[in-house]
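Please open the structure in your viewer and keep the sequence beside it.

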Amino acid sequence: MLEVERLRSGYGGIPVLADLSLTVSGGEFVGILGHNGMGKTTLLRALIGILPATAGEIRFDGVPITRASSHRRARLGIGYVPQGRGIFPGLSVRDNLRFAVAALGRRQGDAIEAILAELPRLKDLLDRPGGALSGGEQQLLALARTLVQGPRLVLLDEPTEGIQPSIVEEIIERLRLLRQQRGLTILLVEQNIDFIKALSDRVLLIQKGAIVRELAAAELSDAAAMGDFAAISH
């Protein structure tokens with residue numbers, strides 16, 4: 001589904017990604033693990049088109065999208081849930097969802113009802129401003145805003161950051177169900193080892209902007225959980 005070959009990207013004249021290559025198959029959940037500053041978020045921003053690629057190629061379902069706009073990538077079926085959630089705090093939950101649906105021209109009623117059935121916690125929050133939600137509720141809203149657009153591949157950046165354990169478990173459960181029901185594919189950036197192990201089929205270790213090793217999720221060690229990625233990168 002997703003093929004990335006020798007991708008380079010960064011900020012201004014500062015390179016971050018260095019000839020990074022990876023593949024993600026349809027229906028697969030793939031985790032990206034690494035220290036802060038190693039290029040995890042930069043990778044997702046380059047894949048969705050927020051950052052330009054300076055070299056390399058990105059293909060989605062065999063179609064080159066390296067120079068495509070973020071909007072075109074979304075229309076092709078790539079969704080992005082950014083670190084920090086990126087919701088509209090002054091809009092209600094309902095209007096956050098309406099805005100997301102309108103952006104891709106889908107029928108609002110059907111799409112919103114479907115996502116509320118899949119993320120039922122949001123049903124009682126529809127009239128509440130996004131900024132009034134707890135951190136975990138905001139994360140569910142950010143996920144819903146992406147899923148309501150009907151993506152086939154979701155780029156998910158640090159979804160457990162700053163949220164309560166009960167909602168972390170709920171997100172795990174809901175993503176597993178979505179995988180079964182929708183055949184959803186996810187590329188997940190995360191530092192919560194339990195979360196990434198619970199969801200990922202395999203985990204890619206990133207160092208200095210390049211993938212240095214691939215592991216089955218079950219192979220993640222206690223060293224990784226303590227942040228000592230070097231202990232498992234060889």
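## First stop: a turn at the surface

Select Lys-208, which at 70% relative accessibility counts as exposed, where exposed means over 50% relative accessible area, buried under 20%, and partly exposed in between, with a 1.4 Å probe and protein chains only. This is a predicted model, in which local features need pLDDT of at least 70 and side-chain atom pairs count only at pLDDT 80 or more, while totals for chains, interfaces and linings use all residues. Residues are numbered from 1 along each chain as its sequence is written, and side-chain values use heavy atoms, with hydrogens and water left out.

Lys-208 is found in the loop between E9 and E10; helices (H or I, at least four residues) and strands (E, at least two) are DSSP runs, numbered from the N terminus. Although Lys-208 is not a glycine, it has a positive phi of about 50°. Most residues other than glycine have a negative phi.

Now extend the selection to the two strands on either side. Strand E9 (residues 202-207) and strand E10 (residues 210-216) run antiparallel and are joined by six bridges, and two strands are said to pair if DSSP finds at least two bridges between them. The hairpin that they form has two residues between the strands. To follow one of the pairings, pick Arg-202, whose bridge partner in E10 is Ala-216.

## Stepping back to the whole protein

Along the principal axes, the C-alpha trace spans about 50 × 40 × 35 Å.

Of the 234 residues, 51% count as buried. If you colour the side chains by charge, there are 27 positive and 26 negative ones, and the centres of the two sets lie 6 Å apart; here Lys and Arg count as positive and Asp and Glu as negative, while His and the chain ends are not counted, and the place of a charge is taken as NZ of Lys, CZ of Arg, CG of Asp or CD of Glu.

## An open sheet

Next, select the four strands of an open sheet, which come in the order E2-E1-E4-E5 with antiparallel pairing. Its edge strands, each of which pairs on one side only, are strand E2 (14-24) and strand E5 (63-64). Inside the sheet, strand E1 (residues 2-11) and strand E4 (residues 53-60) run antiparallel and are joined by six bridges.

## A parallel pair and the loops beside it

Which way do the residues of strand E6 (residues 78-81) point? Ile-78 and Tyr-80 point one way, Gly-79 and Val-81 point the other way, and all are buried. In a regular strand the side chains alternate between the two faces of the sheet. E6 and E7 run parallel, with four bridges joining them, and Tyr-80 stands opposite Leu-155 in E7.

Move on to Glu-158, which is found in the loop between strand E7 (153-157) and helix H6 (165-182). Glu-158 is buried, with a relative accessible area of 8%, and its phi is near 50°, a positive value in a residue other than glycine.

Then select Gln-83, in the loop between E6 and H3, which at 36% relative accessibility counts as partly exposed. Leaving aside neighbours within four places in sequence, Gln-83 is in contact (heavy atoms within 4.5 Å) with Thr-41, Asp-157, Glu-158 and Glu-161. The C-alpha atoms of Gln-83 and Thr-41 are separated by 7.9 Å, and these residues are 42 apart along the chain.

Select Asn-96 in helix H3 (residues 93-104), which counts as buried at 0% relative accessibility. Not counting residues up to four places away in sequence, Asn-96 touches Ile-87, Phe-88, Leu-91, Leu-141 and Arg-145.

Finish at Glu-118, found in helix H4 (residues 108-118) and counted as buried at 14% relative accessibility. With residues up to four places away in sequence again not counted, Glu-118 touches Arg-174, Leu-178, Gln-181 and Arg-182.
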